[in-house]
Amino acid sequence: MNVLARTIVTATPWVQTTAGIQLLSVLGLLFAWEFIGRTGLLFPELFPSFNSILQSLFTHVTTPMLIPHLKASLHAVGGGLFLGAFCGIPLGIVFGSRRTLMQLMEPLILYLAVVPKIIIFPIFILLLGIGTGSKLAVAAIAAFFPIVLLTIAGMREIRPVFLDVARTLGANKLQIAAKVYLPAITGYVFTGLRIGMGAAVTGALLAETKIAKAGLGFMIVEYYSQFRMPDMYSLLLFIFFLAAVANWALKRLFSLLLPLPRTAADAALYF
Amino acid sequence: MKQATKLNIWRMLIIAAAFLGLEAAVRFRWIDPFFMASPIQALEVLWLQIWNGHALLLTLLTLYEIGFALLLSTVVGLGAGFFLWRYQLLGRSYEMLLAALFSSPVILAYPIFLVAFGRTAAAVIALTSLFGAIPIIMNTRTAFQHVNPILIQVGASMNLSRAQMIRHILLPAVAPTIFSGFRLGLTYILKSVLGLEYVVQVGGVGMWLSDAAFRFEVTEVYAGLFGTIMLSVLFLYIINRAEAVVRR
């Protein structure tokens, strides 16, 4: 067996690359899944064959059955992200513009950021009902925290000498905002938006799994309650794929607009 | 008076003002009490629940889930992180996959865990330990990767044994970075446990909140909300203090 493994590794040097290992790992996982699914070796209810998941995914993607749910979820996530940014960016700028205000407010926001946003959902249900509005509100709260915190982080990074130079040159408040603040914080705000989008997706879809009339999260729970496991897995795959594509697209778009500062990218780990 | 103390007093004043503002809004009916309970009444309910042992029992259950998940994450995270550092190629290969897993909304896969473990605390623990393990794995690998080679050379030149090298050089060098991963992992576990308890209606404080919302007990919903917020804030405070001690 050892000789066989060594022969394979020597004959195929690509196996020893990161891409090779990643590909082999994914293929190995899929192969193991299919084997378990077909033989029913382990939890037959939990592991349907991968083939049946792919078939279900094909049905979901090629028929219009998902469209109303996709629309509801996109509405909640998009609206939530917009609202989170609408409140988060100006507040971040205000809190970050004064050193004392920043020192006062940042810890308060940081502590509140740890609270799971989904627990505010019952209040939004009382206020907005079980329609898309309550999910949008959860998404907005979820997106707000990374956006406001990264905007504050961006404001903190502005070197006072830039402000002094601008004032010396006679720039007014509007000019300082446009020529100093905005270029300095854009990278941080973009990172905040990207992380906020991830938080909004999780918040909105998790709320949909709790109580909803439509949405991708609602569909997941519907499939779970009807024990349609291949359909549930295929929908989860679809959501993960969409989230990854949206994340990649935003990252690409923002990196085209301007290179992200390293500190902002590092801060992503905290959300 | 120190600047930090002044800021703390101001923060307390802001929180108190927010409470009083809400209290006034509910008392004078600027906000319909159907949507918003008076904060004083909510705190009263919370205190009663703590006093009769109900909230305490639920908090203990939540803490048990968090503790167990953290233990699992730490064991798996430290082991896997060390392994991925030891075998560099595997480490480089799985780094991207782990980061992708970390940034995807894995929490939505909770029904899979419900099927596997039933509607029990085990399902919450299993899923949340997965969240917690990823930052611990990544930070453990990074920590070992960034140990200054000069320190190891110094240890070798002093003829330190393997155990001494680990005890006196490796562990102190990797502790701060690993603790950052531990802090992140714990934060994620805390958020996911409370969130899942609410969504799945299993376990402790989160379930209480969900139950109260189901019965339309607005005051109890706010009491549960205050309790959850206080628990989260207390946890973060303890983690921050512990991190400061480790980094000292």
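Guide: Helix axes are lines fitted to C-alpha atoms over the stretch in contact, and angles run from 0 to 180 degrees between N-to-C directions. This is a predicted model, in which local features need pLDDT of at least 70, side-chain atom pairs count only at pLDDT 80 or more, and totals for chains, interfaces and linings use all residues. Residues are numbered from 1 along each chain as its sequence is written, with chains lettered from A and ligands numbered from 1 in the order in which they are written.

Visitor: At what angle do helix H8 and helix H9 of chain B pack?

Guide: Helices are DSSP runs (H or I, at least four residues), numbered from the N terminus. H8 of chain B covers residues 162-200 and H9 of chain B residues 205-214. Their axes lie 7 Å apart, and the angle is about 35°.

Visitor: Which residues of H9(B) make the contact with H8(B)?

Guide: Contact requires C-beta atoms, placed from the backbone, within 7 Å. H8(B) contributes B:Leu194, B:Gly195, B:Leu196, B:Glu197 and B:Tyr198. From H9(B) come B:Val205, B:Gly206, B:Met207, B:Leu209 and B:Ser210.

Visitor: How many residues of chain B are in contact with chain A?

Guide: Chain A brings 39 residues to this contact. Elements giving two or more of them include helix H2 (18-39), helix H6 (121-128) and helix H11 (229-257) of chain A. On the side of chain B, the number of residues is 39.

Visitor: Which residues of H6(A) are buried?

Guide: Buried means that 20 or more other C-beta atoms lie within 10 Å of a residue's own. The cover includes helix H7 (132-156) and H9 of chain A, together with H9 and helix H10 (218-247) of chain B. The buried residues of H6(A) are A:Phe121, A:Pro122, A:Ile123, A:Phe124 and A:Ile125.

Technical notes
Contact = placed C-beta atoms within 7 Å. Buried ≥ 20, exposed ≤ 12 C-beta atoms within 10 Å, placed from the backbone.
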